[in-house]
Amino acid sequence: MDENIELLQYVYKNSEMGVFTIKKLLNMLENKENKIKSLANYEMKKYNEFMDEARKIIKKNKYELEENGIMAKIGSSMGIKKEVMSDNSDAAIAHMLTEGITMGIVDMETKLKNYRNIVDKKTYNLSKKFLEFQQEEIEKLKEFM
């Protein structure tokens, strides 16, 4: 697979899953007083922006757009439901989000290191911005733990 599309697909699918999981989470917290909801809304907005940008580049280059499968989404939904039902405190939610984002950071760092001199500048810059966004969000989430 072309490294450009692989990196773009990773940003797209990771962002798509971010939007999906945060929407589920916010629905579960709808009638609760969690302070973390404003950060979650911001994160969902940013994930949407990255998803849209990756989609534009993918379509412009006539690559095929891959979305997350239904099984990944079902698994994510079940995990969120279990975690929130167990403990819906801001600290627990921040911990859950941090775990998910951390997995994405590790994968993105590896991809950027391996593809630094291979992918085009626009793909690299979008991916780097996505990584920086995720790293910043970890720091914000730590304030809730």
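Reply: Helices (H or I, at least four residues) are DSSP runs, numbered from the N terminus. This is a predicted model: local features need pLDDT of at least 70 and side-chain atom pairs pLDDT 80 or more, while totals for chains, interfaces and linings use all residues. Residues are numbered from 1 along each chain as its sequence is written, and side-chain values use heavy atoms, leaving out hydrogens and water.

Let's pick helix α1, residues 3-28.

Now for the partners. Helix α2 (residues 37-60) packs on α1 with the axes (lines fitted to C-alpha atoms over the stretch in contact) 8 Å apart, at an angle of about 150°. That makes α1 and α2 roughly antiparallel (over 145 degrees), which is why they can be described that way. Their crossing is left-handed (the near helix turned anticlockwise from the far one by less than a right angle). In this contact we find 15 nonpolar, six polar and five charged residues.

On to α5: its axis and that of α1 come within 10 Å, crossing at roughly 35°, and this crossing is left-handed too. From α1, N4, L7, L8, V11, N14 and S15 touch (heavy atoms within 4.5 Å) T123, L126, S127, F130 and Q134 of α5. By class, that contact has five nonpolar, six polar and no charged residues.

Finally, α5 (residues 121-142) also packs with helix α4 (residues 90-115), axes 9 Å apart, at about 150°. The α5 side of that contact includes S127, F130 and Q134, and α4 crosses α5 in a left-handed way. Its residues split into eleven nonpolar, six polar and three charged.

Key: Axes fitted to C-alpha atoms, helices over the stretch in contact; angles between N-to-C directions. Helix = DSSP H or I, 4+ residues; strand = E, 2+ residues; numbered from the N terminus. Nonpolar A, V, L, I, M, F, W, Y, C, P; charged D, E, K, R; others polar. Expected span 1.5 Å × (residues − 1). Parallel < 35°, antiparallel > 145°, perpendicular 65-115°, else oblique.
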